[in-house]
Amino acid sequence: MKERPIIFSGDMVRVILDGKKTQTRRVIKPQPEMFNHGFPCTNNDGMITCPYGEAGDLLWVKENAWISPAEWCKRDDATHFDYEDKARVVQYEATVPDGWAAGEHGIKKRSSLLMPKWASRIRLKVEDVRVERVQEIINHFMDVRKEGIPATGGHGEFAWVWDKINAKRGYSWDSDPWVWVIDFSVVEVKEGANGGI
């Protein structure tokens with residue numbers, strides 16, 4: 001069993017925490033040129049492995065957050081301890097969008113790209129991984145719900161969310177890229193990790 005990072009936006013973190021998102025689609029990079037027994041391959045017939053692992057592996061969620069300097073607070077007030085066991089306070093954009101107290105203390109928001117593993121509050125277990133074109137979600141009504149789209153929405157709303165994240169990267173809904181479809185379950189949300197600064 002391996003553990004790997006995965007990035008989610010604040011909106012997606014909120015629906016994960018609400019128990020409404022149990023699936024995610026991620027663009028396969030580079031896009032495969034062929035398939036061998038249902039798995040993506042390069043033109044040299046080299047198998048492409050999913051960077052998010054396989055069933056049974058764990059994912060730790062990276063998200064935007066305000067992270068205090070080391071030993072900024074007393075140990076009893078810490079929400080986390082870093083790799084050197086130093087007290088830290090972490091406030092997550094998904095649960096405190098305006099960083100109400102962090103800014104008052106001069107703490108700048110850190111991009112999800114830079115979140116260290118010790119600051120992550122959510123662990124996910126990979127339940128299943130498959131490959132398909134992103135537009136195939138149209139044929140899987142329940143997958144739209146698993147992606148966290150509310151019952152009043154449909155695949156059109158999913159397409160809008162998809163484009164908001166992926167169109168600028170060259171993987172729009174209309175281009176119908178190949179994606180990893182990852183089913184997951186939440187196995188941990190750290191207690192006290194909503195953070196107060």
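These legends accompany close-up views of a predicted model. Local features need pLDDT of at least 70 and side-chain atom pairs pLDDT 80 or more, while totals for chains, interfaces and linings use all residues. Numbering starts from 1 along each chain as its sequence is written, and side-chain values use heavy atoms, without hydrogens and water.

**View 1. A serine in a loop, S112.** Here we look at the loop between β10 (109-110) and β11 (122-133), where S112 lies; strands are DSSP E runs of at least two residues and helices H or I runs of at least four, numbered from the N terminus. S112 counts as buried because its relative accessibility is 9% (buried is under 20% relative accessible area, exposed over 50%, partly exposed in between, with a 1.4 Å probe and protein chains only). Beyond neighbours within four places in sequence, S112 is in contact with I7, K62, E63 and N64 (contact means heavy atoms within 4.5 Å).

**View 2. The salt bridge of D57 and R4.** These side chains meet at 2.9 Å, N to O (a salt bridge puts a side-chain nitrogen of Lys or Arg within 4 Å of a carboxyl oxygen of Asp or Glu). D57 sits in the loop between β4 (39-41) and β5 (58-62) and R4 in strand β1, so the pair ties together parts 53 residues apart in sequence. Both D57 and R4 are buried.

**View 3. R130 and its partners.** R130 forms a salt bridge with D143, with the closest N and O atoms 2.5 Å apart. This pair links strand β11 to helix α2 (residues 141-146). Salt bridges that share partners join K21, R25, R130, E132, D143, E147 and D183 into one network.
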